[in-house]
Each structure stands twice: as C-alpha cells, then as structure tokens.
Amino acid sequence: MNDRRLATLEVADIKVYLAQSAKLLNLPIPEECEQGVLDNFVRMQAIAALVNEFPLPEDIEIAPIFQP
Amino acid sequence: MNDALSISAAIKSGQTTAKAVIKDTLEQIDRLNPLVNSLTTILRDQAIQDAEVLDRRLAQGEYPGILTGVPFAVKDLTDIQGIVTLAGSKINRDNPPATADATVVTALKQAGAILVGACLMDEYAYGFSTENSHYGASHNPHNLDHVAGGSSGGSAVAVAAGLVPFSLGSDTNGSIRVPAALCGIFGLKPTYGRVSRFGTFPFAGSFDHIGPFARSVSDLAVVFDCLQGHDPQDPISSDRPPALCFPELSKGLSGIRLAVADGHFAQGAHPEVFQALGKVVDALGITAKVTIPEAHRARAAAFLITASEGGNLHLERLRNRPFDFDPATRDRLLAGALAPANWYLQAQKFRNWYREQLEQIFQSVDVILAPTTPCMATKIGQQSINIDGVEILARPNLGVFTQPLSFIGLPIISVPVHLPNSLPLGVQLIAAPYNEALIFRVAKVLEDQGIVAAPVPNLINGSSVYN
C-alpha cells in the first residue's frame with residue numbers, strides 16, 4: 001500500500017512551486033508579498049497533510065452535487 | 001424597552017412612533033459609534049423616511065409586520081439599494097451602488113423593520129477579529145481595547161452596544177458565532193441553505209451562511225423566521241418549507257437528547273471557557289458525552305476549501321490590485337489561489353465522509369454542546385495567545401471550535417455566558433440539519449433560567465466593566 005502522506009516540500013522547493021504555479025495562473029506575486037505568501041503556504045501544507053493522510057473509501061464522492 | 005418585540009408592540013399600540021424610535025437610535029449611534037466603530041454606513045435620511053412611511057401606514061390601520069418599526073443593521077457585504085457594497089474592502093468602493101436590496105433585507109423590511117446602516121467586517125470576510133486595515137477595528141463594548149471578533153464584528157457590536165436590537169451577519173467558518181461569543185450576545189448560524197444569500201458578497205460558496213444576532217432568544221427566533229424560506233434567486237437555497245421556531249420556543253427540553261462534545265472540543269482552551277461551558281451543562285443536567293471524530297481534520301479541510309474558493313473568487317482583483325487589499329487577507333488569498341486542486345478535492349471528499357459521521361451521531365443525540373471560542377476576546381493588535389503553555393496565532397485559532405461544524409452546515413446558536421469579572425464567552429448549541437427549533441428551545445430554557453443573557457454594558461466615557 002502506498003504511503004498516503006504526500007511529500008512535505010522544503011522551503012526552497014515551495015518557493016519554486018509558488019513561482020511556477022503563479023506563472024501558470026498569470027498571478028504575479030509582488031516581491032513584497034513573497035514572504036507572506038510563503039509563510040501562509042507553509043502553514044497550508046501542514047494543514048493539507050491532515051486531510052491527505054486520512055484514508056477514505058475509494059467510492060466516496062466530493063460533497064457538492066450538481067443538479068442539471 | 002430595548003428588544004425587538006417590545007419595540008414593535010409599543011409602536012403598534014401607539015405608546016411611541018417609529019420615527020421616535022429611529023431618531024433615538026440615530027442619536028445613540030452618533031454617540032456610541034465613534035467609540036465602538038460598528039457602522040461603516042449610517043442611513044439617516046432613509047431610515048427617518050422609512051419610519052415616517054410606517055407611521056402613516058399604522059395611522060391608516062395597516063399592520064406593517066411583526067418587526068414594526070424595529071431598527072436593524074446589516075454586515076456591509078449585504079446589498080442595500082443605492083449603497084456600494086463594500087464587503088470590508090477598499091477595492092469594492094469602485095463598484096456601482098447596489099441596484100436592489102438583498103433578499104434578507106427585503107424580507108425584514110416586509111416585516112416592518114427599518115434598516116439604519118451597514119456594519120464593519122474583516123475585509124472580504126477573511127478574519128475572526130474585525131481588525132480592518134482600511135476602516136479600523138471594531139471595539140468590543142465590554143472592553144474597548146479588545147476585539148469584537150469577526151468577521152461580522154461590526155454587526156455583533158451594533159447589537160451588543162445597544163445600538164440596534166438585531167443585526168445580520170455572515171458565517172463561513174465562525175464569523176457569526178465568534179463575534180456573538182466575544183461580544184456576549186446570541187448569534188445564529190442557520191442550516192446551510194436555510195437563509196437566502198442572494199444579494200450578499202460571497203467568500204466561500206461551500207460555507208457561506210447569512211444569520212442574525214440579537215440580545216434575546218425570542219428576537220433571534222422572530223428574525224430567523226422572517227428570513228427562512230426558499231429563494232429561487234439563490235442557487236443553494238433549500239427547497240424545504242420554513243419550519244418556524246418562534247412558536248416552538250416554550251416547549252422546553254422534553255424529548256431533546258443532549259450531549260457535550262469531547263475530544264477536540266474539550267481541550268485547547270483557557271479554563272474560563274470550560275467554566276462557562278460547565279455552567280450551561282450543569283443547568284441542563286447533561287451527563288452524556290459524544291465524540292465527533294476527526295474534528296481537527298474537518299477544520300483542516302474547511303481551511304483548504306476556504307483558501308481555494310476565496311483565492312479563486314478574488315483572482316482578478318489579486319492580479320490587478322494586490323496592494324489595495326488588506327495585507328492580512330491578501331497574502332492568504334494569494335496562497336490559497338495557488339493550492340493544488342487535489343488538496344481541494346480531497347477536502348471535499350472528506351467532507352462527505354464527515355457528514356456521514358455526524359448523521360450517525362444525530363441518530364442518538366439531538367443537541368450537542370461545545371465552546372464557541374478557545375478564549376475571551378483578545379486585545380486589538382494581539383498576535384498570539386497562550387494555550388496550554390504554547391504560543392499560537394490568535395486570530396485563526398479563534399475559529400478552532402466553530403470551523404469543524406460550519407464545514408457541514410449544521411445549525412448552531414452561540415449563547416452568551418457572562419462569568420463575574422470576565423469578558424463574555426459563548427457556548428455552541430448544535431443540531432442536525434434543519435433542527436433549528438431544537439437549539440432555540442434549549443437556548444430559551446437557558447435564558448429563562450438566567451444562565452445566558454445579553455446585557456448591554458455602560459459605555460459612557462468609554463468606561464468598561466473589565467478594568
């Protein structure tokens with residue numbers, strides 16, 4: 001069974017991720033905001049681990065239900 | 001005579017007029033709003049005009065409604081015709097004024113209530129303290145150096161300071177319940193979809209709820225009953241017919257199975273929080289406990305969904321005007337916008353699992369109790385709090401007990417407990433979806449016993465009851 005824990009990125013790698021994903025979204029991160037965004041993302045990564053490490057049944061659907 | 005029902009009765013019986021009530025209200029606002037910074041917009045002329053129209057209708061023998069002449073205020077993410085909907089922001093100042101009132105405003109006006117203003121909030125609702133870099137902080141009426149809680153701080157203060165008998169706020173992860181608790185008043189976060197969101201500026205569509213604040217259970221129930229009902233203009237509005245709560249209020253505790261949440265909800269808070277909870281638990285004679293599993297993960301999942309939805313909502317604004325945001329919201333929104341889709345999707349899957357767990361729990365219990373916040377109101381500007389010897393960030397942690405529950409849209413009233421020589425605290429009364437009537441009945445029992453109350457503190461000369 002695969003380890004469900006996602007890799008925890010180090011700060012250097014997070015910086016790269018943020019820079020590249022910001023480019024992908026055409027969302028310029030002003031230099032003055034870089035540290036704040038990084039700090040928040042580091043926090044969010046730890047929070048995401050709590051969700052991602054929890055085993056769920058494979059047949060569970062996402063909560064929102066579309067009504068055509 | 002400072003509750004909605006008494007005011008309405010007094011006007012309908014001719015003891016006073018709507019105009020007199022509104023003039024008094026506006027004078028009170030002029031006197032106190034500079035101290036507490038509750039309102040961002042005051043509708044002077046409009047409110048007086050509305051009052052005059054109401055008085056004429058009464059004179060002609062009409063019945064304007066259950067809230068005849070009652071003044072109220074709304075969080076400034078609520079559309080008011082002719083007013084720009086700020087949502088606590090600077091950026092929204094450039095928007096055109098709202099072309100129509102939000103559905104909830106129309107409903108309350110149809111019940112005879114008179115809108116007197118719009119209330120301060122954390123920018124774009126992303127906060128638990130109402131410390132806004134553009135408009136200042138709302139000040140807790142029980143101690144002006146302390147926060148009101150957020151993000152509906154201004155709305156809570158308007159009621160807690162005695163400016164108006166009721167107001168409206170919004171709750172995404174705790175933004176009605178936290179300020180209700182910290183300001184010592186009643187706040188209701190209804191079942192998700194129970195109250196129309198049409199005409200309100202959003203934050204996270206998965207979690208946004210609109211709900212009332214008041215200083216009495218009866219007022220809270222009457223206002224909620226006016227707001228219930230399907231709104232075809234709101235895509236998530238429930239189809240269920242309204243289930244009125246005011247007529248249920250005096251039915252007592254009979255048949256209501258009560259339990260206190262343990263685990264996540266029984267730790268990580270200052271002692272007085274559990275003292276306040278204990279007062280309520282003892283009054284109700286509760287011995288049963290219930291475990292809500294993985295509540296800390298529910299909180300985490302709510303955080304991820306909020307971050308992604310918030311980031312997505314504001315993406316264009318973040319691209320074009322990042323420096324016009326409150327710095328406290330901007331960097332969080334930027335980070336959220338960059339979160340990978342898989343985090344969001346996994347959180348939404350977890351949400352289904354968690355909802356099923358609570359559904360099972362509510363087979364054997366009807367109302368669950370938990371604290372609202374982990375501490376009393378922090379000081380304005382305070383960055384951290386000490387919980388169990390550990391310094392943690394103050395603001396995001398104000399929502400530790402609220403966030404896991406709004407995550408799945410459960411109806412919750414935060415009831416106010418005033419311990420001696422203490423700032424107010426709140427206790428959450430939590431029910432299964434659509435069972436607002438049960439939490440109202442429990443709240444009424446507590447109020448009748450004097451365990452919960454919302455007294456208005458004396459604010460003359462900025463004095464407070466705490467120091």
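Where is B:Ser151 placed in chain B? In the loop between β7 (143-147) and α5 (153-160). Helices here are DSSP runs of H or I with at least four residues, strands are runs of E with at least two, and both are numbered from the N terminus. A cis peptide bond joins B:Gly150 and B:Ser151, with omega at about 10 degrees.

Some housekeeping. This is a predicted model, where local features need pLDDT of at least 70, side-chain atom pairs count only at pLDDT 80 or more, and totals for chains, interfaces and linings use all residues. Residues are numbered from 1 along each chain as its sequence is written, while chains are lettered from A and ligands numbered from 1 in the order in which they are written.

Next, the sheet in chain B. Eleven strands form an open sheet with mixed pairing. The order is β1-β3-β2-β8-β10-β9-β16-β17-β13-β11-β12. Two strands pair if DSSP finds at least two bridges between them. What stands at the edges? β1 (39-42) and β12 (289-290) of chain B do. Each has a single partner strand, so one side of each is left without a neighbour in the sheet.

Now go inside the sheet. Strand β9 (residues 186-189) and strand β16 (residues 412-417) of chain B pair in the antiparallel sense, over three bridges. Take B:Leu188: its bridge partner in β16(B) is B:Ile413. Helix α7 (residues 217-227) of chain B lies across β8 (166-171), β9 and β10 (209-214). It runs at about 145 degrees to β10(B). Axes are lines fitted to C-alpha atoms, for helices over the stretch in contact, and angles run from 0 to 180 degrees between N-to-C directions.

On to the core. A nonpolar core is a set of buried Ala, Val, Leu, Ile, Met, Phe, Trp, Tyr and Cys residues joined through C-beta atoms within 7 Å. Buried means 20 or more other C-beta atoms within 10 Å of a residue's own, exposed means 12 or fewer, and partly exposed is in between, with C-beta atoms placed from the backbone. The largest core has 164 residues. Which members touch the most others? B:Val116, B:Phe186, B:Leu304, B:Leu429 and B:Ala443. Helix α9 (residues 295-313) of chain B gives the most to this core, with nine residues.

Stay with B:Phe186. Leaving aside neighbours within four places in sequence, its contacts include B:Phe213, B:Leu220, B:Ile413 and B:Ala443. Contact means C-beta atoms, placed from the backbone, within 7 Å.

Back to α9(B). One partner is helix α12 (residues 341-364) of chain B: the two axes come within 9 Å and cross at roughly 135 degrees. That makes α9(B) oblique to α12(B). For the cut-offs, under 35 degrees is roughly parallel, over 145 roughly antiparallel, 65 to 115 roughly perpendicular, and the rest oblique. The crossing of α9(B) and α12(B) is left-handed. Left-handed means that the near helix is turned anticlockwise from the far one by less than a right angle; clockwise is right-handed. Among the residues making the contact are B:Leu304 of α9(B) and B:Phe350 of α12(B).

Chain A comes next. There are two helices and zero strands in chain A. Buried residues make up 16% of its 68 residues.

The axes of α2(A) and α9(B) come within 8 Å and cross at roughly 125 degrees. The two helices are therefore oblique to each other. Their crossing is left-handed. Residues that meet here include A:Met44 and A:Ile47 in α2(A), and B:Arg297 and B:Leu304 in α9(B).

Two backbone notes to finish. B:Glu294, in the loop between β12 and α9 of chain B, has phi near 60 degrees, a positive value in a residue other than glycine. B:Asp388, in the loop between β14 (384-387) and β15 (390-393) of chain B, has phi near 50 degrees, also positive. Buried or exposed, B:Glu294? With 20 C-beta neighbours inside 10 Å, B:Glu294 counts as buried. B:Asp388 has 10 inside 10 Å and counts as exposed.

Terms used:
Contact = placed C-beta atoms within 7 Å.
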